[in-house]
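The following questions and answers concern the structure shown below. Please consider each question before reading its answer.

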Amino acid sequence: MTPLVERNQLVATITATGTTSAWGGSAGSYQASIVAPTEANSFTLDIEVSNDGTNWLTGYITLTSSSASSTPASDGDASAVNYAYARINCSALSLGSGTRLILRRAR
């Protein structure tokens, strides 16, 4: 049985720029953060959405952040509009010796 409310679900782990695999459903509150950086770090990612899994709409949610120190870059946003599929297009990523960028969703 799938819970009606998902809290802090890990949606993706990103270590390089590019596009991730799609997941079902797009509505929710998103939070992206770089894990354990030791120096300046930053990212830009665009959550793309689709109702058919083939034609993707860009600009659904864009998350971007940078930090000049070992403080993790982090950004969040939300949308109540639901599409059948969502994926991430990460166009810029500097881990600052961190391990990865993670994206979590709550709905």
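Q: Is asparagine 41 buried or exposed?
A: In this predicted model, asparagine 41 is found in strand β5, residues 41–50. A residue counts as buried when its relative accessible area is under 20%. Asparagine 41 has a relative accessibility of 2%, and therefore it is buried.

Q: Which backbone oxygen does the side chain of asparagine 41 reach?
A: Asparagine 41 touches several residues beyond four places away in sequence, including Ile34, Ser69, Thr71 and Gly96. At 3.2 Å, its side chain reaches a backbone oxygen, that of serine 69.

Q: Which are the edge strands of the open sheet of four strands?
A: The strand order in this sheet is β1-β9-β4-β7, with antiparallel pairing. An edge strand pairs on one side only, and this holds for β1 (9–14) and β7 (74–79).

Q: How many bridges join strand β4 to strand β9?
A: Strand β4 covers residues 28–35 and strand β9 covers residues 100–106; the two run antiparallel. Tyrosine 30 stands opposite arginine 105 in β9. The number of bridges joining β4 to β9 is seven.

Key. Residues numbered from 1 in each chain as written. Predicted model: local features only at pLDDT ≥ 70, side-chain atom pairs only at ≥ 80, totals over all residues. Heavy atoms only, no water. Buried < 20%, exposed > 50% of the residue type's maximum accessible area, 1.4 Å probe, protein only. Polar contact = N/O pair within 3.5 Å; in protein donor to acceptor, adjacent residues only side chain to side chain. Contact = heavy atoms within 4.5 Å. Pairing = 2+ DSSP bridges.
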